[in-house]
Structures are given as structure tokens and as C-alpha cells.
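User: Hi, I have a structure open and could use a hand reading it. Can we go through it bit by bit?

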Amino acid sequence: MNMINKEPERHEIEALLPWHAAGTLNRRDADRVEQALAGDRELARRYDLVREELAETIHLNETLGAPSARAMEKLFAAIDAEEARSPRRKRSLDLGTRISEFLGGFAPRTLAWSAAAAAVAILLQAAVITAVVVKDHGNAGYTVASAQNDKAFAAIRFTPQATASEISNFLGAYKATVVEGPMKGIGGSHYRIRLSDTKLSSEEVGRIIRDMQAESKIVAFIAEASPPSQ
Amino acid sequence: MQATSDEVLIGRIANGDRLAMQVLYARHHVRVFRFVVRLVRDEGTAEDLISEVFLDVWRQAGRFEGRSAVSTWVLAIARFKALSALRRRPDEELDEETAGAIEDPTDDPEMSLEKKNKSVLIRKCLTGLSADHREIIDLVYYHEKSVEEVAEIVGIPENTVKTRMFYARKKLAELLKAAGIERGWP
């Protein structure tokens with residue numbers, strides 16, 4: 001039985017157990033917790049307590065019922081009253097929303113029916129990532145070079161069928177940030193992503209890249225990369 | 001068939017699309033109601049509040065930047081409304097609620113009969129937690145919010161989220177112990 005010897009580390013892992021039980025940890029933390037649980041019987045016992053609390057919290061909330069139709073009627077009466085007073089002017093949707101809506105209208109299978117459609121999807125995906133993802137992390141590209149050199153980067157190409165929201169969720173789960181792209185390369189457009197805000201060992205970088213590579217529905221290619229040129 | 005994402009719905013709501021508002025409401029109103037009713041402990045108040053929450057969603061959709069999930073944004077609005085409503089409540093009502101929250105479960109004769117049923121007892125103790133502790137336990141366990149999302153909804157640092165969750169669970173264990181359930185933790 002390999003109990004976690006370092007008490008602070010054990011405490012840190014134990015603090016994550018509620019989120020592990022709820023399935024809301026990122027892959028990296030979930031792996032850490034799984035490894036700790038496998039080697040620490042007491043931690044595993046405490047995890048059972050967490051799971052018990054989780055089940056009863058869900059049960060409790062599910063018995064709370066739902067609001068009556070009155071709430072919805074009141075809401076839409078208020079909306080109608082507001083619109084009657086001052087109808088809102090339609091704003092033009094931003095590029096990201098428009099492309100997201102356009103892509104969202106197609107099932108991946110429909111998009112894959114011909115090479116031409118696939119090419120369109122890749123082109124639009126690049127536009128979405130540039131317009132939405134890169135914009136959301138807009139400050140990332142302006143860090144100073146010395147700071148950038150301390151961080152880990154990777155070059156990544158997404159699969160044509162990965163949607164903008166899947167890519168955004170994927171980057172969020174790994175706490176990764178798109179800092180550059182799209183760049184033309186063999187097989188399609190690549191992006192440079194920052195893997196961490198802190199310095200990582202080469203083993204850690206290798207593990208993250210392997211984990212990301214395993215997400216084959218989203219990632220077509222990934223490899224460690226140099227920091228972006230300033 | 002792929003469901004329209006919440007983010008797309010918000011974009012349409014920003015343009016005054018009433019149907020998109022109905023879809024978003026249908027998707028989230030039950031969970032938002034349950035989150036609010038656990039905070040204010042009154043179904044009538046909670047019903048009034050969710051109308052206000054979704055009216056704010058309608059009004060502010062154009063300002064939603066997509067930095068967080070729509071459900072996280074809506075829960076943050078709901079929390080603000082619930083706390084504002086609690087502040088408007090007369091002191092005597094709040095005193096009653098506080099008394100209910102710290103009530104010793106062993107004083108309840110009904111509780112003694114339920115000792116055999118651990119599940120019922122855990123649920124009773126969950127309702128006996130303070131508002132802060134009920135809130136964090138619900139957000140993590142029922143609303144499936146990550147550490148980062150809870151921090152955003154409650155407006156506290158991520159480390160405080162973990163600490164508060166730990167103390168909420170510790171308090172739950174104490175209530176259970178007082179009710180005769182010894183779990184061997186903490």
C-alpha cells in the first residue's frame with residue numbers, strides 16, 4: 001500500500017475529491033486523484049464518503065420540484081411589456097457567432113460527405129478559432145519574451161469535425177491557450193498553444209501532449225513547439 | 001440531431017428572439033429554481049426570483065462575452081438576486097432561518113426514528129447547513145461546477161472555494177455525528 005507520504009500533497013488531493021466525484025476536474029488533476037486513490041486505502045474510504053454526499057445532494061435537489069407555469073408567464077409578460085415600450089434594435093451578429101451558427105446547422109457526417117465540404121469546414125473552423133478562441137485569450141500573445149521562454153508550447157492541428165465549442169472546451173480543460181495561428185502546414189492549419197503559465201519539466205510536457213493526442217476526436221496532430229517569435 | 005448551444009441561443013436572444021428565450025428558459029429554469037430555493041428556502045420567493053433572473057438574461061444577453069458557460073453566468077445572476085431578496089427579508093424571518101440551520105438534529109424526535117435510514121439523515125443534515133455551505137455543496141455536487149466556475153459564481157478565489165467546500169463537508173460530518181452517524185472523518 002503506497003500511501004501518499006507528503007501530507008500537503010495528500011491534503012491537496014483530498015480537497016479535489018468532491019470535484020473528482022462530480023466529474024468536473026480536468027484530465028491532469030483527475031489522473032492525479034486516480035493515482036492517489038489507487039495507492040491510498042484511507043483516501044479511497046474518504047472518497048466513498050464524498051460519493052455518498054454527492055448522491056444524497058442530487059437526491060435532495062431532485063425532490064425540490066419545479067416552478068409553476070406562473071413563473072414563465074410572468075417572465076414573458078415582462079418581456080412583452082419591455083418590447084412594447086422600447087423594441088430592441090437587432091444588432092448584427094459577430095463573425096464568430098455567425099460562423100458557429102452556420103457550422104452548428106450541420107451534423108459532422110453531413111459536412112464530411114465530400115472533400116469540398118470538408119475543406120470548407122476546415123477553413124471555417126480556422127476562422128472560428130481565430131475569431132473566437134484567439135480573441136478570448138487576446139492578451140496571451142503580448143507577454144515578454146523572457147517570460148515566454150519559461151513556458152511550454154505545442155503546435156496543434158484540430159480534426160475537421162471538431163466544433164468550435166469542443167475546441168474551446170478542450171483548451172479550457174487543459175488550461176491551454178491559443179497564442180498563434182492558423183499557420184499553413186502539411187495536412188492543414190496549425191496553431192501554437194501555450195500549455196501552462198508556469199515552467200513544466202519535459203516529463204510533464206510529454207505527459208500533457210500524450211493526453212492531448214489521445215483526444216483523437218478533437219486533435220489530429222500535436223507536438224512540442226518553441227515559443228512564438230516576438 | 002445536434003442541440004443549439006447555449007451560446008448561440010444567447011446570441012439570438014440579444015437580437016430579440018423570443019423563441020430562443022423560451023428554449024433557454026426550458027433548458028435551465030428547473031436547476032436555477034432549485035439553486036434559488038435552496039438559498040431563500042421559500043418556493044414562492046424562488047418562483048418570483050427566477051422570472052427576474054431570466055428577465056435579466058433577456059436584458060443583458062447582448063453583453064454576454066462567452067468567457068464562462070451560460071449556465072455559470074445565469075447561476076451568478078440567480079445568486080445575486082437571491083442574496084438581494086434575503087437582505088430585504090425582515091430580521092425575524094432571518095433569525096428563524098438561522099435557528100433552523102443550526103438546529104441540533106438529535107432534538108428532532110422524527111430524526112430518531114430515521115436513524116436507521118442513513119440516506120434520509122444525510123439529506124436532513126444537508127438542509128441544516130448554513131447558506132454558504134448549502135450553496136457550495138449544491139454548486140459542486142448538483143450543478144456540476146468546476147473550482148473555477150464556483151469561484152466565478154460566488155466571487156471568491158479558487159483556493160477559498162476548496163477551503164469552503166472542505167469546511168462545508170466537515171460541518172456536515174459534525175451534524176451527522178450529532179445525529180448518531182459516525183463516519184470516521186474528519
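User: How many helices and strands does chain A have?
Analyst: Keep in mind that this is a predicted model. Chain A has ten helices and four strands.

User: In what order do the elements of chain A run?
Analyst: From the N terminus, the order is α-α-α-α-α-α-α-α-β-α-β-β-α-β.

User: Ok, strand 1 of chain A. Which strand is it joined to, and by how many bridges?
Analyst: Strand 1 is joined to strand 4 of chain A, residues 219-225, by six bridges. The two run antiparallel.

User: Which residue stands opposite A:Arg157?
Analyst: That is A:Phe221, in strand 4 of chain A.

User: And why is strand 1 of chain A called largely enclosed?
Analyst: Strand 1 covers residues 153-158. Five of its six residues are buried, so the rest of the structure largely encloses it.

User: What share of chain A counts as buried?
Analyst: 26% of its 230 residues. As for contacts in chain A with a separation of 6 or more, 70% come from residues 24 or more positions apart.

User: Switching to chain B. What is it built from?
Analyst: Chain B has ten helices and zero strands. Its pattern along the sequence is α-α-α-α-α-α-α-α-α-α.

User: How many residues does each chain put into the contact between them?
Analyst: Chain B puts in 45 residues and chain A puts in 38.

User: Which elements of chain B give two or more residues to that side?
Analyst: Helices 1, 2, 3, 7, 8 and 10 of chain B. Helix 2 of chain B gives the most, with eight residues.

User: What classes of residue are on that side of chain B?
Analyst: By class, there are 22 nonpolar, eleven polar and twelve charged residues.

User: What about the largest nonpolar core?
Analyst: That core has 65 residues. Those with the most contacts inside it are B:Ile13, B:Val32, B:Val36, B:Ile50 and B:Val140. Helix 2 of chain B gives the most to this core, with eleven residues.

User: What does B:Ile13 touch, close sequence neighbours aside?
Analyst: Leaving out neighbours within four places in sequence, B:Ile13 is in contact with B:Ala20, B:Met21, B:Leu24, B:Val57, B:Trp58 and B:Ala61.

User: Last one. Where does B:Ile156 lie?
Analyst: B:Ile156 is in the loop between helix 9 and helix 10 of chain B. Leaving aside neighbours within four places in sequence, B:Ile156 is in contact with B:Ala151 and B:Val161.

User: Why does B:Ile156 count as partly exposed?
Analyst: Because B:Ile156 has 15 C-beta neighbours inside 10 Å. A buried residue needs 20 or more, and an exposed one has 12 or fewer.

Conventions. Residues numbered from 1 in each chain as written. Chains lettered and ligands numbered in written order. Predicted model: local features only at pLDDT ≥ 70, side-chain atom pairs only at ≥ 80, totals over all residues. Contact = placed C-beta atoms within 7 Å. Nonpolar A, V, L, I, M, F, W, Y, C, P; charged D, E, K, R; others polar. Core = buried A, V, L, I, M, F, W, Y, C linked by C-beta atoms within 7 Å. Pairing = 2+ DSSP bridges.
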